[in-house]
Amino acid sequence: MIEWFTTAQVAVAVVVGIVCLIAGGVGRAPSDLTNGLTAFVALLLLAQIVVSIVAPFVGNDPTGDPVEYWVYLISALLLPPLAIVWGLVDRSRWSTVVLGVVSLAVAVMVYRMGQIWFVQVA
């Protein structure tokens, strides 16, 4: 992992989560904006997969359990597409709220991934 990229991912996911929660709170159905922002969170997770594959080869090894890290990363990657599908099927305000909750969950998962990668004692 790259520390600044991890921080940026967490910040983006939190902002997307707040935007989606506000949109759902005012009664808006999922739109191109909320689905697009959630797709951007998924795109950042795909970039994180590439970084996570390359990082150990350049000397940036995780300090924690790699299996736990990858389980978090793959699980986080599954959430945004599933939430977008939910938003396309159920066009209610609650689908927009689900997009927000998923983005906030991804933020927490990426934060935890950073802890696994950087903070663990070997």
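Analyst: Contact means that heavy atoms lie within 4.5 Å of each other, and helices are DSSP runs (H or I, at least four residues) numbered from the N terminus. This is a predicted model, in which local features need pLDDT of at least 70 and side-chain atom pairs count only at pLDDT 80 or more, while totals for chains, interfaces and linings use all residues. Residues are numbered from 1 along each chain as its sequence is written, and side-chain values use heavy atoms, with hydrogens and water left out.

User: What covers the buried residues of helix 2?

Analyst: Buried means under 20% relative accessible area (1.4 Å probe, protein chains only), exposed over 50%, and partly exposed in between. The covering of the buried residues of helix 2 includes helix 1 (3-25), helix 3 (66-89) and helix 4 (93-118), and among those buried residues are T34, V41, L45, Q48 and I49.

User: What span should helix 2 have?

Analyst: The expected span is 1.5 Å times one less than the number of residues. Helix 2 (residues 32-54) has 23 residues and should therefore span 33 Å, which agrees with its end C-alpha atoms being 33 Å apart.

User: Is T6 buried or exposed?

Analyst: T6, which lies in helix 1, is buried because its relative accessible area is 7%. Leaving aside residues up to four places away in sequence, T6 touches M1, Q48, V110, G114 and F118, and Q48 is one of the buried residues of helix 2.

User: At what angle do helix 1 and helix 4 pack?

Analyst: Axes are lines fitted to C-alpha atoms, for helices over the stretch in contact, with angles from 0 to 180 degrees between N-to-C directions. Helix 1 and helix 4 pack at about 160°, with their axes 7 Å apart, which makes helix 1 roughly antiparallel (over 145 degrees) to helix 4.

Terms used: Helix = DSSP H or I, 4+ residues; strand = E, 2+ residues; numbered from the N terminus. Parallel < 35°, antiparallel > 145°, perpendicular 65-115°, else oblique.
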